[in-house]
Amino acid sequence: MKAWSAFATILIAGIAVAQTVPVTEPPTQNPTPPRRPVSPPINAEEKAEVLESIKGVVEKRAFVPNVDFSKWSGFVEKRKDTIEKAETISTFTTEVNRALREFGFSHIRLQAPSRAPSSPTTAPAKPEETPAPQFAELFLQQQPTRPSIPAKLTWPEEDVALFKLPTFSTGYSRQDVEKIMADAAKSKFLILDLRFNGGGAISNLRHLLTLMLPKATAYGSFVSRRMFDKYKEANPEGPFDVISIAKWSPDTLKTGEAKQPVYAGKIAVLINRGSGSASEIVANALREILNAPLVGSDSAGAVLASVFAPLKMGFRLQYPVSDYVSIKGIRLEGNPLKPDVVVTAKSSIEIPDPAVHEAIAKLKPKS
């Protein structure tokens, strides 16, 4: 009875409130959206300082084989009017990146202070004071870092594991990846989903390949300025193309020693236009070494190793320092991976993910 009495009291109170609430007009269907933060202003002197610091990095430290970085000043001059008219950090960054795109390759872009991970109140080091990058600090990342999305393992079929890996950058957890691969070990077939994975750290892609390929498996080479100079000294007559240099060099990238058994089943890889950099290296390595089919659509074709240099006012510049050639002599920069199975169908109730559906059909033997 006490419970019923309390329930009745709640109902009665609700009715009483409903009767006393005044009738109002219904809320507007299209409320005014919140305004975007206004980009801070930037003056002519500040723009000149940033441009000068960019020039120092681009002309002295950036490297792509056979690219003339002294053209940078010409690119800036070409956009002089629009750069001068830029009154905010946002519009200035946009115009500078348009000039940087004149080089015609990936992994070279200016980041505004608000996008830099360090506190904007921290005084950035001068480019000349930035330490030389170590191998593990090199990035293969074509897109800006996004909020971390954890890796995920699902089972579209009893003997098929689907490993969704969103990034090789922030959010890549070696512990989680190792656990996922250990769980996937009981499957006969593994689908590695690298769609919209824009890349990340070289050390992370090597970690994943170490869990999928035998120990000390060579999968490619980076051609740096140092390697390029050594090759020219040993081969003064050339040829000086990046593929010839990679074939000549003994410095190849190899897998390490895994802490657990290497995956023994068959692998397929899902790719699309959002698969860039580190993702393309992994997908191509699995295809060249394990004959893993690629399923989906063309990848980004953006594979240069890069680092980030702090500039004036908290800006950062991502710039390339090495080119990449696969173990079978394929340069991936500007050469998107072509899938073995092209998927154009859209999701439906019957087939929620056509790419996964086609990957399973490709992996499983026909009965």
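**Before you start**

Residues are numbered from 1 along each chain as its sequence is written. The model is predicted, so local features need pLDDT of at least 70 and side-chain atom pairs count only at pLDDT 80 or more, while totals for chains, interfaces and linings use all residues; side-chain values use heavy atoms, with hydrogens and water left out.

**Stop 1: the whole chain**

Show the protein chain as a cartoon. There are 11 helices and 13 strands in the chain. Helices (H or I, at least four residues) and strands (E, at least two) are DSSP runs, numbered from the N terminus. Of the 367 residues, 45% count as buried. Buried means under 20% relative accessible area, exposed means over 50%, and partly exposed lies in between (1.4 Å probe, protein chains only). Contact means heavy atoms within 4.5 Å. Among contacts between residues at least 6 apart in sequence, 78% join residues at least 24 apart.

**Stop 2: helices H6 and H7**

Two packed helices are described by the angle between their axes and the distance between the axes. Select residues 174-184, which are helix H6, and residues 202-210, which are helix H7. How do their axes cross? They come within 11 Å and cross at roughly 20 degrees. Axes are lines fitted to C-alpha atoms, for helices over the stretch in contact, and angles run from 0 to 180 degrees between N-to-C directions. H6 and H7 are therefore roughly parallel to each other. Angles under 35 degrees count as roughly parallel, over 145 as roughly antiparallel, 65 to 115 as roughly perpendicular and the rest as oblique.

Now show side chains where the two helices touch. On the H6 side are Arg174, Val177 and Glu178, and they meet Ser203, Asn204, His207 and Leu208 of H7. The residues of this contact divide into 2 nonpolar, 3 polar and 2 charged. Ala, Val, Leu, Ile, Met, Phe, Trp, Tyr, Cys and Pro count as nonpolar, Asp, Glu, Lys and Arg as charged, and the others, Gly among them, as polar.

Stay on H7 and colour it by accessibility. This helix is mostly covered, with 7 of its 9 residues buried. Among them are Ile202, Leu205 and Thr210.

**Stop 3: salt bridges**

Side chains of opposite charge can pair when their charged atoms come close. A salt bridge here is a side-chain nitrogen of Lys or Arg within 4 Å of a carboxyl oxygen of Asp or Glu. By this rule the count comes to 13.

Select aspartate 183 and lysine 179. Their side chains meet in a salt bridge of 3.1 Å, N to O. Both residues lie in helix H6, 4 residues apart, about one turn of the helix. An α-helix has 3.6 residues a turn, so residues three or four places apart point the same way. Aspartate 183 is partly exposed at 32%, and lysine 179 is exposed at 54%.

Next, select aspartate 193 and lysine 164, whose salt bridge is 3.8 Å, N to O. Aspartate 193 lies in strand E5 (residues 189-193) and lysine 164 in strand E4 (residues 160-164), so the pair ties together parts that are 29 residues apart in sequence. Are these residues buried or exposed? Aspartate 193 is buried, at 4% relative accessible area, whereas lysine 164 is partly exposed, at 26%.

Then select arginine 287 and aspartate 340, whose closest N and O atoms are 3.3 Å apart in a salt bridge. Arginine 287 is in helix H10 (residues 278-290) and aspartate 340 is in the loop between E12 and strand E13 (341-342), 53 residues apart. Aspartate 340 is partly exposed, at 42%.

**Stop 4**

Select serine 326, in strand E12 (residues 316-326). Serine 326 is buried, at 5% relative accessible area. Leaving aside neighbours within four places in sequence, serine 326 is in contact with Tyr219, Gly220, Asn284 and Glu288.

Move to isoleucine 330, in the loop between E12 and E13. Isoleucine 330 is partly exposed, at 31%. Not counting residues up to four places away in sequence, isoleucine 330 touches Glu288, Tyr324, Val325 and Asn335. Isoleucine 330 and glycine 220 are 110 residues apart in sequence and 8.9 Å apart in space, C-alpha to C-alpha.
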